[in-house]
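Please have the sequence and the model open while reading.

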There are 6 protein chains.
Amino acid sequence: MQSENNLLSKINHTVDQLADPKTYEVVCHEHRLGEPVPSSEKLARIVNMVREILFPGYFGNTTLRQDSLRHYMGVYVDELFALLSEQILAGLCFTCDRKEEVDFKERERYAQSLAADFISFLPEIRRILVTDVEAAFVGDPAAKSRSEVIYCYPAVRAISNYRIAHRLLQLGVPLIPRIIAEMAHSETGIDIHPKAEIGESFTIDHGTGVVIGSTCIIGSNVKLYQGVTLGAKSFPLDEDGNPIKGVPRHPIVEDNVIIYAQATILGRIRIGRDSVIGGNVWVTNNVAPNSRVLQFKARESSFKDGAGI
Amino acid sequence: MQSENNLLSKINHTVDQLADPKTYEVVCHEHRLGEPVPSSEKLARIVNMVREILFPGYFGNTTLRQDSLRHYMGVYVDELFALLSEQILAGLCFTCDRKEEVDFKERERYAQSLAADFISFLPEIRRILVTDVEAAFVGDPAAKSRSEVIYCYPAVRAISNYRIAHRLLQLGVPLIPRIIAEMAHSETGIDIHPKAEIGESFTIDHGTGVVIGSTCIIGSNVKLYQGVTLGAKSFPLDEDGNPIKGVPRHPIVEDNVIIYAQATILGRIRIGRDSVIGGNVWVTNNVAPNSRVLQFKARESSFKDGAGI
Amino acid sequence: MQSENNLLSKINHTVDQLADPKTYEVVCHEHRLGEPVPSSEKLARIVNMVREILFPGYFGNTTLRQDSLRHYMGVYVDELFALLSEQILAGLCFTCDRKEEVDFKERERYAQSLAADFISFLPEIRRILVTDVEAAFVGDPAAKSRSEVIYCYPAVRAISNYRIAHRLLQLGVPLIPRIIAEMAHSETGIDIHPKAEIGESFTIDHGTGVVIGSTCIIGSNVKLYQGVTLGAKSFPLDEDGNPIKGVPRHPIVEDNVIIYAQATILGRIRIGRDSVIGGNVWVTNNVAPNSRVLQFKARESSFKDGAGI
Amino acid sequence: MQSENNLLSKINHTVDQLADPKTYEVVCHEHRLGEPVPSSEKLARIVNMVREILFPGYFGNTTLRQDSLRHYMGVYVDELFALLSEQILAGLCFTCDRKEEVDFKERERYAQSLAADFISFLPEIRRILVTDVEAAFVGDPAAKSRSEVIYCYPAVRAISNYRIAHRLLQLGVPLIPRIIAEMAHSETGIDIHPKAEIGESFTIDHGTGVVIGSTCIIGSNVKLYQGVTLGAKSFPLDEDGNPIKGVPRHPIVEDNVIIYAQATILGRIRIGRDSVIGGNVWVTNNVAPNSRVLQFKARESSFKDGAGI
Amino acid sequence: MQSENNLLSKINHTVDQLADPKTYEVVCHEHRLGEPVPSSEKLARIVNMVREILFPGYFGNTTLRQDSLRHYMGVYVDELFALLSEQILAGLCFTCDRKEEVDFKERERYAQSLAADFISFLPEIRRILVTDVEAAFVGDPAAKSRSEVIYCYPAVRAISNYRIAHRLLQLGVPLIPRIIAEMAHSETGIDIHPKAEIGESFTIDHGTGVVIGSTCIIGSNVKLYQGVTLGAKSFPLDEDGNPIKGVPRHPIVEDNVIIYAQATILGRIRIGRDSVIGGNVWVTNNVAPNSRVLQFKARESSFKDGAGI
Amino acid sequence: MQSENNLLSKINHTVDQLADPKTYEVVCHEHRLGEPVPSSEKLARIVNMVREILFPGYFGNTTLRQDSLRHYMGVYVDELFALLSEQILAGLCFTCDRKEEVDFKERERYAQSLAADFISFLPEIRRILVTDVEAAFVGDPAAKSRSEVIYCYPAVRAISNYRIAHRLLQLGVPLIPRIIAEMAHSETGIDIHPKAEIGESFTIDHGTGVVIGSTCIIGSNVKLYQGVTLGAKSFPLDEDGNPIKGVPRHPIVEDNVIIYAQATILGRIRIGRDSVIGGNVWVTNNVAPNSRVLQFKARESSFKDGAGI
């Protein structure tokens, strides 16, 4: 057993090491005084607020009446504007090369401008999400009602976050879209990169383990099951051996495709329209329209001993 | 950069659109004044309270003594009754077609009646969960003690929620069972539909990505690994092209079956007792008792270049 | 509808059953008066505090300046020491066979001693995590900056928790390492047993569904994708039919190996250095260095009807 | 030092005593299942909400714009209606003789009806409070602006609560007005009985210790200083020696009266208009209009020793 | 305007000064590692718990039924015991001269022993408080019911805290009684020193500004109004000019005395039984039983000008 | 009973009235987008942080060691600087005439500059408060230790807030000093205007009801008891009948004066050094040094009937 002095000097010594700039310089993030910082808590409130705006009466804790709905929309949008402006600004500051020539006030106004642009897109996001909800409801015999889909289905959560994050990314907001996508990833196990392009009436059943890469293009009326990967196989390197960023490297999935659980589809290949991909397959080549792809048959045998495989 | 007036008029215009009934009518949920609403926060408290009742001394923040345990049981059950009655009522209201003829007071009493019925089933739930914990402990060489299993294993969380939700669903409670199941899904990545029927001594190792569909029937002493799907392959459509709800479409898994990671088993097929299903297989046909099913051998080759696959 | 008396007597009867020692004795955990209990909330604060110490400026809500960084390190380490000492003590108490001969005061000092030892290892943990962050950044074309990796990537969270938990386990702390690992599992879907041994420059892409078993040994510069299992195939039983604990039963993965999504690799086998394992394969045998392992080709066919597979 | 068993049996014995109905029967309050209970926390939110409605932009945490103010009013009033209905119902239940014949649903509707009546009086409350704020501003040379008065002056808080509570009491709401008045009493030290009648342009400077009894009648433009009591001297007893309730027993204070610090004015007397009452006096008789009442001159002497009085 | 560097160096310089031991040594309080500290938050919970135990159904947020009341008593007492033991220990540590020879474990047991002794006195505290509530109800024509008195009257709060604190002080608990008394003082403006001795059926009307000194002795059936001081006039000094501690220096108030608002009664004098002291008087001599003491008549005059006094 | 429609139209009508600009224009406060607002919650944290800095080890929840104290000072001062800068800015914005020509960035820097100036005064505030604590300890026979005084005495709280607020006001910070003073007023019943000037070794016993006006000047070593008013008698009006602001109108109290409970001292008079003012007196004229002022003797009589005064 160490003496108390021994403990404390060990601790003091560690503080010295941890405070040595050499040890933290690549992993330290300095904010400038007065700059907002990205906040998962505030972003969670933003996403909840957007969800309450899009699906009135589901996620707030209030009694909505036809009479008062307009007031609630007004207030929610107003609060959303303030919160979102701040977080967009936080994203801009976080990724800024923090040269002194940036005019903070102007950047703040720019953030507000992006927030207003995002807000003006909300009616369109609502329109698309309604098609997603409908697809989930129609496609799942276990769904009792559209209400249940909106209220309980993790895919609705993940797709909502994706559509929000995608719009923010299109507007040029840094970092924030990625955090919003990761919030849904953590909650639902569905990882959709905000840069992917996804059509209407999109649905994901169960969803845990789904991955949709950043350069994916997905058509309308596509359905994925849990564990499906739409990923990159490999990526070209530049002369220094570093991956070249921005090259399309994820699949294109055309309209009306269904992909079953745990299928792994890699590379900039094309899955033709109306195809069905069975579960647990590994696909790295194009698939023609109207195709059916299944795993090679499993080996089945009888055995006596209970001791595993 | 937009002027401030420009921003504000953009926002005001969006509020107008969002408050237009045509745009939200399929996705708006109106509560009647005074009706309780389903609350994830309260349901989380309900589930925690049930867990503390079932496994005394683990999840509460109190010091249990033999002397005082009875008092705690009394108080927890009492609080559970109040909270659960309210949330069951919220479920009944949420799914009610809200015709004016419903007598609110009677519905409230009905909710209390269901809550009391649920509570009277708690000793039986405890009895079954003890078999599940035992199965996890015996089956995992990494488990140090039953305590560790109860305290840390996500499967215990998921299976507890399932057994709670299953009982509520059997009693006819709408919506709430599904929310409780999704809470475990979000936390553990294990998605068990509350309608599935699952025997004793059930265990799931690691668990992320497991899906158990609503018409599954699972025997005793079954063990699943992470990523296992017990799903539906396809479902019969009615004359309008909509899926027919309520048809059995998920597997039957008999006693003593082990299914390894990422196996996808689809359709109303039967996995015979004492069988072992290897990982990553795609199974859509019956499997005889005492069988072993393995993926077709992988292709192995040597390669020089480091550039992926 | 039951009468109110009926409800209450049903409830009272259930309390009697639940308070009957016979029904809870294997699932009840008694604390002694004054002993701390493991607390997920406090452990979450501990992990956040460690992360803020390792990556200054990312996870706290403060404005870091070069001048004040040392003060923050001092305060965080000080608070960490107090919290961690208490939770280590809670772990010791939880797993103690609670014989009366234990000297509480001495055990408390022992917990403090372990906490100080852990703290003195923090600079080394920071050094290794920097290599992990670098590997994630270099290996992902979608990563914009190291900041984004630290801030958003679930793998960083999971690997940080693993490296923390691994060190605590090496120091002999019971239970707590497992809880810390499960916290990351719940949040990210990545399940790394704290006992596994993992080299530097380790990265996991997306990550949901990854499982790394307790006796795994992983070299440097290894990359896993989502859904990869490094698990046990079966385990030897002792004469009573119980699994023998502590036997190596999980894979050894050598340096520079890449394993694609959903691959399941089981048993104490060796994946030779510089190999690539394709997705969705089931591997239960050794793989030579420089190998490429791919799933057997899928069956592809054309079909007309839209009704599934 | 007592043994642990000794301690526990002492505790157990005390529980027996405390649970003996004879010991608590006069001080126990039973609620019926499902009835709301008066909640200081909710009442505090109600009062804050009313204050934000009356003085927009002061007490909420939002950025008010002319455009959005109407939305905020709509939402606040809506939320106020729900909260207040519930708390009024709680008041009705609390004081109800809980005979079984009460129809809960009807009582609930009655509570809503009272809440709506209260809300429709809010514009009038705002009008009167504006006169109170003006009186405080004009009468205090230290006040920099009306904003400062609204924001900081405890009298505004106390008078607002009084005017709210007074209206509720006029509507026949039991218990709740008293709790609201006590909330201000605790916060400001100003104790105004909600039954008192108080004219416009009323102000209290500093305020700690002011007491205004339930049958007081106060005219317009009256100013009180800290510690002023408008109380009852004695009260007639009935034949059983109990005080007769409801008899006027507190002062009438006419228009434009100023009463200085610590003056104690007792009984159903009349302080005539335009009078000034000096501090620390004891007044139990009528005071004519235009009077000045001062304490009898103090005795002043010189002394040498420092030891007190 | 100062430059940013200027600001920061000013701040750094101040930190140096504040961290200089010479500047804080008389006002710094060092805790030893692992010692609990007095916590107003926990003490507030203790007091609320005691109030809920004494007056069941008033201050908790639960629905009490005859059936479950015993369970609640058991649980509340159990939790009270744990919390109170810790806070008593905190008090003992705070005032300890922290010599190394103290055995922490023994002190902890001693704290538990005191907590159990306090708890065993709760039935007696309930008995006395019932007499206080009765006195308040009977003596106040504005009181509608005993419930209203228990629920709303600040005097009940202040007297409860006093009776709790007094008992703890009698048991020898340091510091904690004083903090409990100050909590009521802050909330109600009533300052009763826990060392004062006060008989049954004691009541205080309104109460703001009442002060009852530490060596007061108050009989049964005494009533005080707001602003009454029972204080010390002067106190003997020792040869160094410091006040001699522990000398009786506050009034004795005999049975059935009424003291009106703002009366100041100083010194170890005796107010004889059945006397009435009028408001705003200054009393420093004994008062015979059955006396009436009133302020000398005020000077009343007429005046024209509105400009004050 | 009103119909539901009736209720709702009543509510809607009220919203119309409340949103009519004419009704709120004098009591509405508009913030500009992005401006901070004064926040009682943040100011409370500021005051607590200052108290923890001044009296280390008392108000934080941490274990202070000599080694770590400097780190804590550094961190607290750093956090204080950020919070205080924001709240000073909020005060500047609140009282600004919000002309468009104000440069927000410059105002922000000005706020930081004031915050740094305040911080550099903290060592001096600590020095003075030590004299106040000493005076309270020496002057109160009931005080067991300086620790108890710092920890429990409301006067320390009130005087700390005063000394903080006074310094901020001297620096020219608007509004914030007043809010800080009112926080202490609400908590302790002691109302000290931040503009008053008060010497060292100042103490207030019990304190409820004390009022110290804005132009008071108080020497060293002065002691006040509860209920003492140092107020204004009347104030000169300008030609419009409005009080002239800024004129000295409160007493000057010289060194070593003691003023007993409930004394009311009004106007710009001088209480000469070493004087003692008895309780409950009304003083509106100068008092010579070394004087003793007592209330005129009370009228004492005997009475039989129990019916009051």
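This is a predicted model: local features need pLDDT of at least 70, side-chain atom pairs count only at pLDDT 80 or more; totals for chains, interfaces and linings use all residues.

1. The contact between chains A and C involves 64 residues of chain A and 66 residues of chain C. On the chain A side, the elements that give two or more residues are α1 (4-18), α2 (21-24), α4 (66-95), α9 (176-188), β7 (229-231), β13 (282-283) and β14 (291-294). The largest share comes from α1(A), with 7 residues. By class, this side of chain A has 30 nonpolar, 26 polar and 8 charged residues.

2. Strand pairing also links these two chains: β14(A) and β15 (residues 299-302) of chain C pair in the antiparallel sense over 4 bridges. Here A:Ser291 stands opposite C:Ser302.

3. Chain A is divided into domain 1 (33-189) and domain 2 (196-297), and 26 Å separate their centres, taken over C-alpha atoms. In the contact between them, domain 1 has 15 residues and domain 2 has 12. On the domain 1 side, α6 (122-139) and α8 (154-170) give two or more residues each, and α6(A) gives the most, with 7 residues. That side has 8 nonpolar, 4 polar and 3 charged residues.

4. Helix α3 (residues 40-54) of chain E has 15 residues, which at 1.5 Å a residue should span 21 Å; its end C-alpha atoms are 21 Å apart, in agreement. Its buried residues include E:Leu43, E:Ile46 and E:Val50, as well as E:Arg51 and E:Glu52. The buried residues of α3(E) pack against α1 (4-18) of chain D and, within chain E, against α4 (66-95), α6 (122-139), α8 (154-170) and α9 (176-188).

Terms used
Residues are numbered from 1 along each chain as its sequence is written. Chains are lettered from A and ligands numbered from 1 in the order in which they are written. Two residues are in contact if their C-beta atoms, placed from the backbone, lie within 7 Å. Ala, Val, Leu, Ile, Met, Phe, Trp, Tyr, Cys and Pro count as nonpolar, Asp, Glu, Lys and Arg as charged, and the others, Gly among them, as polar. Two strands pair if DSSP finds at least two bridges between them. The expected span of a helix is 1.5 Å times one less than its number of residues. A residue is buried if 20 or more other C-beta atoms lie within 10 Å of its own, exposed if 12 or fewer, and partly exposed in between; C-beta atoms are placed from the backbone. Domain bounds come from an automatic or database domain assignment.
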